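User: I am new to this protein and would like to understand the words used to describe it. Could you show it and take me through them?

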Amino acid sequence: MSARLPVLSPPRWPRLLLLSLLLLGAVPGPRRSGAFYLPGLAPVNFCDEEKKSDECKAEIELFVNRLDSVESVLPYEYTAFDFCQASEGKRPSENLGQVLFGERIEPSPYKFTFNKKETCKLVCTKTYHTEKAEDKQKLEFLKKSMLLNYQHHWIVDNMPVTWCYDVEDGQRFCNPGFPIGCYITDKGHAKDACVISSDFHERDTFYIFNHVDIKIYYHVVETGSMGARLVAAKLEPKSFKHTHIDKPDCSGPPMDISNKASGEIKIAYTYSVSFEEDDKIRWASRWDYILESMPHTHIQWFSIMNSLVIVLFLSGMVAMIMLRTLHKDIARYNQMDSTEDAQEEFGWKLVHGDIFRPPRKGMLLSVFLGSGTQILIMTFVTLSFGGEKWKTNVLLTSFLCPGIVFADFFIMNLILWGEGSSAAIPFGTLVAILALWFCISVPLTFIGAYFGFKKNAIEHPVRTNQIPRQIPEQSFYTKPLPGIIMGGILPFGCIFIQLFFILNSIWSHQMYYMFGFLFLVFIILVITCSEATILLCYFHLCAEDYHWQWRSFLTSGFTAVYFLIYAVHYFFSKLQITGTASTILYFGYTMIMVLIFFLFTGTIGFFACFWFVTKIYSVVKVD
């Protein structure tokens, strides 16, 4: 009797890590999707053995990738496990992005011939003697991997081999991975994939999936002379304790390994493969069946509508200020011609002589802004704040934030090295990353600074007084901290639903493919950060507080704090990660993402406020 499985899939390394390093100029490189190849741009044609040619292959290669788990952030190479290994075969070359994400694609011993059916074919047999320390260590590692639900990731013709099964609500989920095995606890509780069969019932026992039924779907090319193209590859993992290991028949009870087993243990790995023609699936849309099993788009539309409501609300507030209140202020200020009227000035016009005064710790602010938008924006900001100590500014922009990211990344990598994970970056790759940083990013920053400082300084619409104006006592809601905390709520409200799907993609190995939605949310986030900052900036100016530079940066940048709080909530409520190393890795990489998001949103808020104050003070008459 079978039961429905919950949607379980192993986590993958953060997709945003490389993007984070790229935005800070630390690591230029390509972005990689998932634990398998990107879909090939050129289709491969397959045909029967007797019809093969240079343009039509008969042999179908199956590649294996790293194994990972939803309960551990540490991935491991296929060769780290005592599975059947390929006797020969060329390993695909991996680019920098694949290496950074811990991808380790290897040839496998599973070889197929197109349209040739195989039944219960033996791949290899592994024998363990528990009295031998080496064999016991291999077996314990295998048990631990099943306990943590580590999953295989196989590749055929540049597409994942999927395991499709029924989940809640009668839906069918296609997972681009399948588990090594499963475990029945000493209390008889079936963990993970053990729920699929009532044959898995022995207490304190592991069941290894040592057999796979693979079905490959293809459609014949329209011309008929070019063979066929593969459009799907699906498998079903099974467990058999083969009665005759030399001549397996794939029948009998499941392959069980008691947690207290001793003596000799033999595990025979087998597979069956069949082919089925399917003219309904086109080669260009062969990934659709995987994507269709992902969460439905109505939640995404709810996210967009939720964000749009916030944007409309903010836009209405800003429009009211710009078209009514601000317009009246400007008209009233410009009608004050006499000296007596000028002495009765009030509101934001009073601070015109201090509005463009360089902020305290302007160096650090300009470094943050320069890191947030790298070369062009760094040039703009250093000119805004008078250009003092420009060499120090350029050095800090080149090394401060990228250095923080690299230090965090290096510490995480040391942990991965210590754990023997495939995600640990090899020393040669680490040197290449440093070379890209110091030989590309840093020189480009200096070049941008050189051309920037050759330009004329930006002229502000009003002069800055030599003596700073005294700021009056502020009410609670115009003080810095309450405004900063409130300013990040609305931008975060626009993205938190989308953030859930992104975190699922990063840590739960679920594919993220709705980049159209993501682009819309990105635009909404930019608008929301800008409008929220402008709104609060106007209130503070009306309260005669002209310290807008840091406040505008921190107001929208505080969205990153809510991001961090949500990431902590996600860790405890959604993930099943166990172990100190995995926990440190999760929060270490999360801090990198939070830093990048802080710089990004803060930069948006600063320049929105800079545009606003420049605009309003350029249209008011000042003697």
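This is a predicted model: local features need pLDDT of at least 70, side-chain atom pairs count only at pLDDT 80 or more; totals for chains, interfaces and linings use all residues.

User: Why is Thr528 called buried?

Analyst: Buried means under 20% relative accessible area, exposed means over 50%, and partly exposed lies in between (1.4 Å probe, protein chains only). Thr528 has 0% relative accessibility, so Thr528 counts as buried. Its place is in helix H12. Across the protein, 54% of the 623 residues count as buried.

User: What does Thr528 touch?

Analyst: Contact means heavy atoms within 4.5 Å. Leaving aside residues up to four places away in sequence, Thr528 touches Ile310, Val311, Leu314, Leu490, Pro491 and Cys494.

User: What makes H13 largely enclosed by the rest of the structure?

Analyst: Seven of its nine residues are buried, so H13 is largely enclosed. The buried ones are Gln549, Arg551, Ser552, Phe553, Thr555, Ser556 and Gly557.

User: Why is the pair Lys215 and Glu276 called a salt bridge?

Analyst: A salt bridge is a side-chain nitrogen of Lys or Arg within 4 Å of a carboxyl oxygen of Asp or Glu. The closest N and O atoms of Lys215 and Glu276 are 3.2 Å apart, and the pair forms a salt bridge. Lys215 lies in strand S12 (residues 211-220) and Glu276 in strand S15, so the pair ties together parts that are 61 residues apart in sequence. The structure holds twelve salt bridges.

User: Are Lys215 and Glu276 buried or partly exposed?

Analyst: Lys215 is at 31% relative accessibility, so Lys215 counts as partly exposed. Glu276 is partly exposed too, with a relative accessible area of 34%.

User: Which salt bridge does Asp545 form, and is the pair buried or exposed?

Analyst: Asp545 pairs with Arg551, the closest N and O atoms being 2.8 Å apart. Both Asp545 and Arg551 are buried.

User: Which residues make the nonpolar surface patch?

Analyst: Patches are made of residues with over 30% relative accessible area and no salt bridge; like charges are joined within 9 Å, and nonpolar side chains (Val, Leu, Ile, Met, Phe, Trp, Tyr) within 5 Å. Phe410, Leu414, Trp417, Phe427 and Val431 make a nonpolar patch of about 470 Å². The elements giving two or more residues to this patch are helix H8 (390-419) and helix H9 (427-454). Such areas come from the Shrake-Rupley method with a 1.4 Å probe; for residues, only the protein chains shown count as cover.

User: How exposed is Leu414?

Analyst: Leu414, in helix H8, is at 41% relative accessibility, so Leu414 counts as partly exposed.

Note on methods. Residues are numbered from 1 along each chain as its sequence is written. Side-chain values use heavy atoms; hydrogens and water are left out. Helices (H or I, at least four residues) and strands (E, at least two) are DSSP runs, numbered from the N terminus.
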